[in-house]
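Take a look at the model below.

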Amino acid sequence: NLKELEAAYQAERASALVAAYFTLPRRRFLREWFKGRNDLLDLATTDVSFRRIVDDLQHPVQQGLVEMPEYGNHLVLAGPGSGKTRVIVHRIAYLLRVKRVAAERIIALAFNRSAAVELRRRLTALVGDDARGVTVLTYHGMALRLTGTSLAAADRSGGAVDFSRLLQDAIDLLEGRADVVSSDADDRRDALMQGYEYIFVDEYQDIDEQQYSLISALAGRRLDDPDVKLSIMAVGDDDQNIYSFKGANVEFIRRFQ
């Protein structure tokens, strides 16, 4: 059976590769197993994976955004249907697969639950289980996590969650005004934020004052130590503002810097 022979051959090659990795000197291992393929070593991922993440974009501007240096702050403005969310998804995939950034170091914020689900779905389709540890939440979801608030507990007790108050508590927590929240929540904040390095914001033009403050606090805007600031990439359309009736304002695009 040709398929069985092929499977046996691949299994034998895999075993030989593992054995060589642990027994051969580095230079000999690279010479025997990666001769003429230094490009794979530079990419730190498979060529198939790299093509899906970068080359398949087939758009030089999007490719340039995805392949930017690891750190830095970027605001990407483009019109409807131009691939803004796609850039975020592929940029996160690039960090995970090519730069080998741990998934637990990345936050992605979406405006509503359906947008967060879609972002998660597209990222999983691109990199599979590597996406599992990435934090993909709405602003309210992030505030719930930071403050340790449980919607289920509120429902059971018959109480309603004041989401505006929830966001403000999360902002106060991040900015060090811990007197307005419990010490347990303060400890949880430190545990959750420790290790985060990147924050991505989708549909940035639709944020309001509180959401802007939350993003700023997450990114460490008020912190003096550059080592604890997060790199942020936000995408939006400065000609579109469909949530202006809820306080969204393109002024926050101008205030990004």
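Predicted model: local features only at pLDDT ≥ 70, side-chain atom pairs only at ≥ 80, totals over all residues.

Start at strand S4, which covers residues 198–201. Tyr-198 and Phe-200 point one way. Ile-199 and Val-201 point the other way. All four residues are buried.

S4 has strand partners. Strand S2 (residues 106–110) runs parallel to S4, and 4 bridges join the two. Within this pairing, Ile-107 has Ile-199 as its bridge partner in S4. Strand S5 (residues 231–236) also pairs with S4 in the parallel sense, again over 4 bridges. Here Val-201 stands opposite Ala-234 of S5.

Now turn to the packing. In soluble globular proteins, nonpolar side chains tend to be buried together. In this model, the largest nonpolar core has 34 residues. Those with the most contacts inside this core are Ile-53, Ile-92, Ile-106, Leu-123, Val-127, Val-134 and Phe-200. Several elements give two or more residues to the core, including helices H4 (47–53), H5 (60–66) and H7 (113–127). Strands S2, S4 and S5 are also among them. Helix H6 (84–97) gives the largest share, 8 residues.

A second, separate core has 32 residues. Among them are Leu-137, Ala-143, Ile-199 and Ile-215. Recall that Phe-200 and Ile-199 point opposite ways from S4.

Leaving aside neighbours within four places in sequence, Ile-106 is in contact with Ile-92, Leu-95, Leu-96, Val-101, Val-134, Thr-135, Tyr-196, Tyr-198 and Phe-200. Two of these contacts, Tyr-198 and Phe-200, are the S4 residues that point one way from their strand.

Next comes Glu-67, in the loop between H5 and strand S1 (74–77). Glu-67 and Leu-95 are 28 residues apart in sequence, yet their C-alpha atoms are 8.8 Å apart in space.

Finish on the surface. Val-18, Tyr-21 and Phe-22 form a nonpolar patch there. Together they have about 380 Å² of accessible area. Tyr-21 is found in helix H1 (residues 2–23). Tyr-21 counts as exposed because its relative accessibility is 53%, and the cut-off is over 50%.

How values were computed. Residues numbered from 1 in each chain as written. Heavy atoms only, no water. Buried < 20%, exposed > 50% of the residue type's maximum accessible area, 1.4 Å probe, protein only. Pairing = 2+ DSSP bridges. Patch = residues over 30% accessible without salt bridge, like charges linked within 9 Å, V, L, I, M, F, W, Y side chains within 5 Å. Areas by Shrake-Rupley, 256 points an atom, 1.4 Å probe, with all protein chains shown as cover. Salt bridge = Lys/Arg side-chain N within 4 Å of Asp/Glu carboxyl O. Core = buried A, V, L, I, M, F, W, Y, C linked by side-chain atoms within 4.5 Å. Contact = heavy atoms within 4.5 Å.
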